[in-house]
Amino acid sequence: MTMLTRALLGATALCACGFAAAAQETTTLTIATVNNGDMIRMQGLADAFTEANPNIELEWVTLEENVLRQNVTTDIATNGGQYDVITIGTYEVPIWGRQNWLVPLNDLPAEYDVDDLLPPIRAGLSVDDTLYAVPFYGESSFVMYRKDLAEAAGVTIPEQPTWDEIKAAAAAMNDPDAGIHGICLRGKAGWGENMAFLTTMANSYGARWFDENWQPQFDSPEWKAAITDYLDLMNNYGPPGASSNGFNENLTLFQQGKCGMWIDATVAGSFVTDPNNSTVADQVGFALAPDAGQGKRANWLWAWSLAIPSSSDAPEEAKQFLAWATSKDYANLVAETEGWANVPPGTRTSLYENPDYVAAAPFAQMTIDSINAADPNQPTRDPVPYTGVQFVAIPEFQGLGTTVGQEFSAALAGQKTADEALAAAQELALQEMTSAGYIQQ
Amino acid sequence: MSTQASRSAARLMLSPAVLILLVWMIVPLVLTLWFSFQRYNLLTPDRSGFIGFANYAEFVTSPAFWLAILNTLLLVLGVLVITVVGGILIALLIDQPLWGQGIVRILVISPFFIMPPVAALIWKNMFFNPSNGLFAEAAKAIGMRPFDFLGQAPLASIILIVAWQWLPFATLILLTALQSLDSERLEAAEMDGANAWNRFRFIMVPHLARAITVVVLIQTIFLLGILVEILVTTNGGPGNQSTTLTYLVYQEAILSSDVGAAAAGGVVAVILANIVAVFLMRAIGNNLDS
Amino acid sequence: MARAVSTSRKAVNTALAWGVALLIAFPILWTFLTSFKPEPQAVASPPVWFGFDWTVRNYVDVQNQRDYFDYFWNSVILALGSTALGLVIAIPAAWSMAFVPGRRTKDLLMWMLSTKMMPGVAVLVPIYLIFIQLGLLDTRIGLVVVLMLINLPIIVWMLYTYFREIPGEILEAARMDGASLGREILYVLTPMAIPGIASTVLLNIILAWNEAFWTIVLTTTNAAPLTKFISGFSSPQGLFYAKLSAASTMAIAPILIMGWFSQKQLVRGLTFGAVK
């Protein structure tokens, strides 16, 4: 008998005879989550879980992404045992799984229907076919644009735009005197901030982080073309202060109607079309991430996922929670209480086959197409020794990605030229890869 | 009163504080020294072992190192200058007879009670933000382009935030010192025909010297450790424009999870902090003796 | 310095002082105001001053996301606990430094202050490992000890400078009457030092309340104070200025109110020996 059915039976017994479960000891699960809308919604709905599992209490630690990552990394690497469930991304899962820091999840119950998970996402959360985390929501990236502004400016954005078309559209829609900027892109330094976007943009220009021998490639013409175009776009048509803008800042700008286009996570689709928070909810169009004719589009693959640290003292109860929070039932629960458009996207095939969802979420088809178009095992035009689309799945990337990100952020702020930033990035990457032992001297 | 008995009693009473601080200082310091000679990255535990001075070499040759030292000094000096000068001016002002002195004083000291993350969040979002901040609105109102504070003047923006937090502290100490000034001396000087500037320069400033020393000393200790304000606003950027030594250590410790390099950076930071402290003591320490 | 001045001069002073004071306090007042705005009006351009639709919705939203009072009580316990523990250790130390000074007293004092210069982030992993070994992670007692240690040098110094101004003859007199050392401290010294101790206590509470590094990294839920509370609001999705303002107001209001009410006591002893 699996944990879930046992728990369900336990819950039924509780209803039947009142105190069957009272004899059981209460287990407290400490859950570390990131402060995004979907996670906060889950906290609100978690009563449904604790009612069905009266022997489990939930304690939430909700933190900003960087603080969360810092606290969780310190704890798991020192075997601190503070958390029973942690929220991590597709970057951490394979690295941590390989270190045996996470509890394998191959024994999830049949009702969980693990085969329903989207194949690219599931692959990203597995090491050698062992699943180490389950996706809470998955995302790729795509173009969001203002239909009204595009129409007024006389441009059309095709479903599969090229970078040249994006540039032209940005130029046409840009009207800073009216408070409208042609395009909003990430500029804040960080491996998960500007480098997530820039790496995908570089991929679409045919660039790569490293060649097969781990030699950094920032001195390649492809990187130069990508960075030059990025800086041109942002300097000519971007909002002021773009070097401090990450996902959240750009979301705020777009919702306020200050951006003509925004290329970012597909998960933003439900936020920008939510009339409660967005002033432009009924005017948003979607398109695939742009390409430059190199066979790769500039779209990434990411999943905020739930995992159990090996140091947890209640892994079985934690599994019950994981199975609940990422189940089809949870999706139904959100649909009942908040509407289909607010269901966490990008994790299950069944969701995209559900006509109710597809009808309620105008961004659904574009999201699934974007996710399926991303290939973490072959992210670039030329062969690479690493996996991961908008990141390089090695432990050193957090630090390296962020210091390189600072260089491009400085270039965006006008403190460096593209060439200076690229040269500095090349130097930093060479130094890090040599001292970490990837490049043998 | 220094009898033998009271001397040993004094030792006894002093010892808990000294012992506890000794442990608190020695244990982490020894561990830090130990780690600083190890290859120890949290994320690659299998690659570990003694590597001599490699961590130090890496930290000191990091491209951001010298800039970080410069930024640290600029941050400390900038905040000290603003708070001491501003503190004296405000103390002189609110020491004058005026209506509603109590409320004025409450308003002036308020920033001292604000926790660093809140202060940084308020300034970043509600004031500096070039799209939605009040400074941008003010610029637009007078027909200027909004200035991108955190992008174009990141260190100056952080100095402004930190100075805002510490201005009340300086003001309070200077105000107390000012109030202890014998008003008869001032009046006598006024009788002798000394103008306001001379009275300030030759009577008030010498009287305030000790208070200024205290402000400089205490603030320096806190300012060398400034981290949260940078973390919330600029993340040390753009580039390394607002990276301080403490932030550089943070970058190694947290972003790269490199315990060895962070420990080496910590040792370097402690050495530099102590150089500053010795320098400070030489320069102004004598003011503290009565 | 009560001097007779003309009413017009006083008026000028008043206007100037109020202007400066309001300017300094403006970020706080603006945050407070923004916390009662609906989100769209919080970022309205041009900004809305008072004519908005006042609402407490933001506070309700923040409270619904996490229970403020859990964090509030932890902040109170950590601030008071670390202050009390610090006093117990610092009073005897400051007493002996002030009344039985040795040749090295000043060096000792400076050394104590220099322990504050170690960047916390450099010793994060060593301290974390020690906390795991001792089972102190996410415990109030662990945090109380750490906060006490961080602020101990400041407490000792403040008390030292204050004690030093108490004339030694009074203690001599007490000793003549046959008071023991403990009684001397308890019945003679402490009452005289109350203003200094009060001000030390207040400063220490403020510093402990606002400590935002160790309180964030060494806690998860059981001991998490308001600094941790606010770090979950620093960058959420979408329009959030009003909610951020509400959460900020909740985090700073208790200490701000305490500070306002006790500012006289705080100021009286906050001299660090700067006043003769």
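**Sheets, helices and contacts**

Modeller: Keep in mind that this is a predicted model. In chain A, strand β1 (residues 27-34) runs parallel to β2(A), and 8 bridges join the two.

Biologist: Which residue in β2(A) is the bridge partner of L29(A)?

Modeller: L29(A) has its bridge partner in β2(A). The two strands, β1(A) and β2(A), run parallel. The partner is L58(A).

Biologist: Which strands stand at the edges of the open sheet of 5 strands in chain A?

Modeller: Pairing in this sheet is mixed, and the order is β2-β1-β3-β11-β6 (chain A). An edge strand has a single partner strand, so one of its sides is left without a neighbour in the sheet. From one strand to the next, the twist averages 15°. The edge strands are β2 (56-63) and β6 (134-139) of chain A.

Biologist: At about what angle to β1(A) does helix α13 of chain A run?

Modeller: Helix α13 (residues 315-325) of chain A lies across β1, β2, β3 (85-88), β6 and β11 (302-307) of chain A. Its direction relative to β1(A) is about 45°.

Biologist: Now the open sheet of 4 strands in chain A: which strands are at its edges?

Modeller: Here the order is β8-β9-β7-β10 (chain A), again with mixed pairing. Neighbouring strands are turned by 20° against each other on average, direction ignored. Each edge strand has a single partner strand, so one side stays without a neighbour in the sheet. Those strands are β8 (181-184) and β10 (284-288) of chain A.

Biologist: Which residue of β9(A) is the bridge partner of S141(A)?

Modeller: Strand β7 (residues 141-146) of chain A pairs with strand β9 (residues 259-265) of chain A in the antiparallel sense, over 5 bridges. The bridge partner of S141(A) in β9(A) is A265(A).

Biologist: Which helix lies across β7, β8 and β9 of chain A?

Modeller: The helix in question runs at about 145° to β9(A). It spans residues 247-255 of chain A. It is α11.

Biologist: Are α18(A) and α19(A) roughly parallel or roughly antiparallel to each other?

Modeller: The axes of α18 (residues 397-412) and α19 (residues 418-435) of chain A come within 9 Å and cross at roughly 170°. Angles over 145 degrees count as roughly antiparallel. The two helices are therefore roughly antiparallel.

Biologist: How many nonpolar residues are in the contact of α18(A) with α19(A)?

Modeller: On the α18(A) side, the residues include L400(A), V404(A) and F408(A). On the α19(A) side, they include A421(A), A425(A) and L428(A). The contact has 1 polar and 2 charged residues, and its nonpolar residues number 11.

Biologist: Is P379(A) buried or exposed?

Modeller: P379(A) lies in the loop between α17 (364-373) and α18 of chain A. Leaving aside neighbours within four places in sequence, its contacts are N203(A), V384(A), G388(A) and V389(A). N203(A) is 176 residues away along the chain, yet the C-alpha atoms of the pair are separated by 7.1 Å. With 23 C-beta neighbours inside 10 Å, P379(A) is buried.

Biologist: Which element gives the most to the side of domain 1 of chain A that touches domain 2 of chain A?

Modeller: The assignment gives domain 1 (3-138 + 302-358) and domain 2 (141-299 + 376-435) of chain A. Their C-alpha centres lie 30 Å apart. In the contact, 12 residues of domain 1 meet 9 residues of domain 2. With 3 residues, the element that gives the most to the domain 1 side is α6(A).

Biologist: Which element supplies the largest share of the side of chain A that touches chain B?

Modeller: Here 26 residues of chain A are in contact with 25 residues of chain B. The chain A side has 10 nonpolar, 13 polar and 3 charged residues. The largest share is 8 residues, from α18(A).

Biologist: What distance separates the centres of domain 1 and domain 2 of chain C?

Modeller: Domain 1 of chain C is 7-60, and domain 2 is 66-269. The contact takes 12 residues from domain 1 and 8 residues from domain 2. Taken over C-alpha atoms, the centres are separated by 32 Å.

Methods. Residues numbered from 1 in each chain as written. Chains lettered and ligands numbered in written order. Predicted model: local features only at pLDDT ≥ 70, side-chain atom pairs only at ≥ 80, totals over all residues. Pairing = 2+ DSSP bridges. Axes fitted to C-alpha atoms, helices over the stretch in contact; angles between N-to-C directions. Contact = placed C-beta atoms within 7 Å. Parallel < 35°, antiparallel > 145°, perpendicular 65-115°, else oblique. Nonpolar A, V, L, I, M, F, W, Y, C, P; charged D, E, K, R; others polar. Buried ≥ 20, exposed ≤ 12 C-beta atoms within 10 Å, placed from the backbone. Domains from an automatic or database assignment.
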